[in-house]
2 protein chains.
Amino acid sequence: MSKKITLDEKDIPKQWYNIQADLPQPLDPPYNTRENRVASPDDFKPIFCDEIIKQELSCQRWIDIPEPVRDVYKIWRPSPLVRAENLEKFLDTPAKIYFKYEGVSPSGSHKSNSAVAQAFYNKESGVKRIATETGAGQWGSALSMACKIFGLECVVYMVKVSFGQKPYRKSLMQVYGAQVFASPSERTQVGKEVLLKDPDSEGSLGIAISEAIEDVITNEGSKYALGSVLNHVALHQTVIGLEAKKQLEIAGDYPDIVIACLGGGSNFSGTAFPFLMDKLQGKAPNLRAIAAEPSACPKLSKGVLAYDYGDNSGFTPALKMFTLGHTFMPGGIHAGGLRYHGASPLVSALVKHNLIESISVKQREVFEAALIFARTEGILPAPESAHAIKAAVTEALKAKEEGKSKTILFNLSGHGHFDLSAYDNYLSGKMEDYEYPADKVCEALTHLPKIKI
Amino acid sequence: MSKKITLDEKDIPKQWYNIQADLPQPLDPPYNTRENRVASPDDFKPIFCDEIIKQELSCQRWIDIPEPVRDVYKIWRPSPLVRAENLEKFLDTPAKIYFKYEGVSPSGSHKSNSAVAQAFYNKESGVKRIATETGAGQWGSALSMACKIFGLECVVYMVKVSFGQKPYRKSLMQVYGAQVFASPSERTQVGKEVLLKDPDSEGSLGIAISEAIEDVITNEGSKYALGSVLNHVALHQTVIGLEAKKQLEIAGDYPDIVIACLGGGSNFSGTAFPFLMDKLQGKAPNLRAIAAEPSACPKLSKGVLAYDYGDNSGFTPALKMFTLGHTFMPGGIHAGGLRYHGASPLVSALVKHNLIESISVKQREVFEAALIFARTEGILPAPESAHAIKAAVTEALKAKEEGKSKTILFNLSGHGHFDLSAYDNYLSGKMEDYEYPADKVCEALTHLPKIKI
């Protein structure tokens, strides 16, 4: 039966791990396409506070976690590491399967790990108000909670289609005191222009990002926050892997394979980087790290490595990343958190250097794995996290075929209590699969910014 | 900032505490009103397995928790105990407030503690299939999960109005492999009769209980399971208080006041009984235990102590309890789990002996307290659990007024991620308060069974 390894509060990491210190070569810098030059730290000052910019660019290996951030982490951290023995038995595999469970946070996912840190640094630097965008609502609710705890105002631009379809995520943000606006809104020029062209626009993450950024630029004392993709977000998430390492040590184990799902890259980074440190330092040469992507949006498996914008409308600096093109709109899979066109620059660099792998999986096989997991281990996974489960099951069955006892660790990044409409869709037999949309990707890739450095 | 006290898996209790061993006088026995006699253990055999009946009637102080049950508990137990320092600061109170958090279970509430035990004993005794009823769905999902883990079929009769209004709770039960039917159904005589009279009947918990019981009586190899009220359910829930005691000991503390919300009585019993043991044994004479009830359904505060049926249709044996009358239908508060007409016989006996207190609170003040809690401690409470928060806040403010440093422990029995429509109702200013419905209670009390023993 499943065995959980719990840590004490004092075991919450005191430092985040910054993989930039150990990369084979430095990251390609962000690029300012408006002025046709490499972006400088100053380019980020209108939207980020100094400490966040410093972390974004830092090559220091260990970065101290401020005590007030650790104090808030204590609400749910250290999170459990569980040996999934029931799942192992069900699969009849010689593999040992462990999962780290981030669904115990107040927002129900790993997003809180960075939200708390970002809210703290903004508060410290005198910021009064943070604006952000949210799609399905995980990031928005994590940031709303973090802002409330540190006494910051929080403004969330929520993609209109989700605002209507997922009213409860909106309510959760409001419980935490945030102001939530359906995007496109009449509050920004960007929003007004979209509505002028199409009064019935359902919005997009790209528009919402643009609205949030315009909001902070035009409101003094306001800054912007992003929930994935960037280096400082990956940094904050490393508490996941650092705790898991300690927990596996207690279990007397070390993973052969580390798995997490990949949207923008934050939970994958947080889980895998502390183990990849060992690989980069020559201590775990055979370690495999696998990013599990949806076949509807497989940037690592099928994308190109190029400079591209972080948002759909080309507002942000361009980042060097594996991308399907910033204008690419993936199919409507239920794992909304994975419907992002690019992979974080750090993850992209690791793929480039053949240090990590990716696998793309279809929606129905993901939900099939999710049900197996819920019925053996008891916990209902978020659809995003279920991509990692599917990949772990695939590796465990491979181990069985080869007769090898592998140790597999995956991150269960969130619970599925907010996602029961998706399960309903699956159980009623109505769920569709989404193939890799080659034509749409080819078209989107023609819109990449032309940058040569 | 909040400080969490975590225990290790080995600290999961090895025995449940049975308060029947320490009561000032034995419980009044259940009564078979059909045959006008005290109920015998045999009266329960058609619906419960032997071990459950034995526990229901046992006066043995400590009852071993079987290893397979402890193994499943490990999925989420030990649950955290948290010092709510942010809430204390917000209230500016000298009181120390601790809460035990049961929302970390896979079903999101304390219900799993008994569901797992009941599924195990039924499996052990050769039962193949369990039927139950569910209103809002917490118990149904907890039992579905427990049955799936132990390889039992699970059939849930879900009150039709909830089946329609809360399709996601139904989906959660189906994820765990349960068969869920809207009640009244065409599957039972009871259901057919109701539908014959009123084809549009929205059902009630009473009808659903009757359907579940008829189902098990007419299906060989089937037994029934109940999620609250009965002694064996209270017994299983004592893991909550036993862990909390150990955690407070680590904190060097002992409560002056223990608080939990009260529907049928299971989470109150589980939280308070292990502390009441000390009081009953003369070791904590001044300990106060407070049951927080909704003003819409205040059986302890306003009900009478009498023999009454456990279900609305008078199908079960009669139990001696504080009741508002089994035909009483409380107003439609959002805390569906507290809309029950009676309090468990054990809790009722403790009230009779002046060993515990009750407080009744109104819906809007409950949600006001819930918001304060979410905004200071980060966790979104279930509306039921928020009744306990309201009572804890009241006591903390009383301590402030009196200038006394009290130690308050309350049970946060579940998270509110399934209850965001209720928060939406509150935030939009549309929430109604429900006064104590004296007339309806007076009327209902005329239907009490006439029993004299």
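Chain B and chain A bury about 3,900 Å² between them, and carbon and sulfur atoms give 60% of that area. On the side of chain B, the residues that lose the most area to chain A are B:V175, B:R375 and B:H417, which together make up 17% of what that side buries. The structure is a predicted model.

**Who takes part**
- The contact draws on 45 residues of chain B and 45 residues of chain A.
- Several elements of chain B each supply at least two residues of the side that touches chain A: strand 1 (3–5), helix 3 (67–73), helix 6 (138–150), helix 8 (167–175), helix 16 (363–377) and helix 18 (420–427).
- By residue class, the side of chain B that touches chain A divides into 21 nonpolar, 13 polar and 11 charged residues.

**Contacts across the interface**
- Between chain B and chain A, 18 residue pairs are in polar contact, with both residues at pLDDT 80 or more.

**How the two chains are related**
- Chain B is superposed on chain A by a rotation of 180° with 0.0 Å of shift along its axis, and the RMSD is 0.0 Å.
- This is the relation of a two-fold axis.
- Both copies use the same surface, as 100% of the contact residues of chain B recur in chain A.

Technical notes. Residues numbered from 1 in each chain as written. Chains lettered and ligands numbered in written order. Predicted model: local features only at pLDDT ≥ 70, side-chain atom pairs only at ≥ 80, totals over all residues. Heavy atoms only, no water. Contact = heavy atoms within 4.5 Å. Buried area = accessible area lost by both parts, 1.4 Å probe. Polar contact = N/O pair within 3.5 Å; in protein donor to acceptor, adjacent residues only side chain to side chain. Helix = DSSP H or I, 4+ residues; strand = E, 2+ residues; numbered from the N terminus. Nonpolar A, V, L, I, M, F, W, Y, C, P; charged D, E, K, R; others polar. Least-squares fit on C-alpha atoms with pLDDT ≥ 70 in both.
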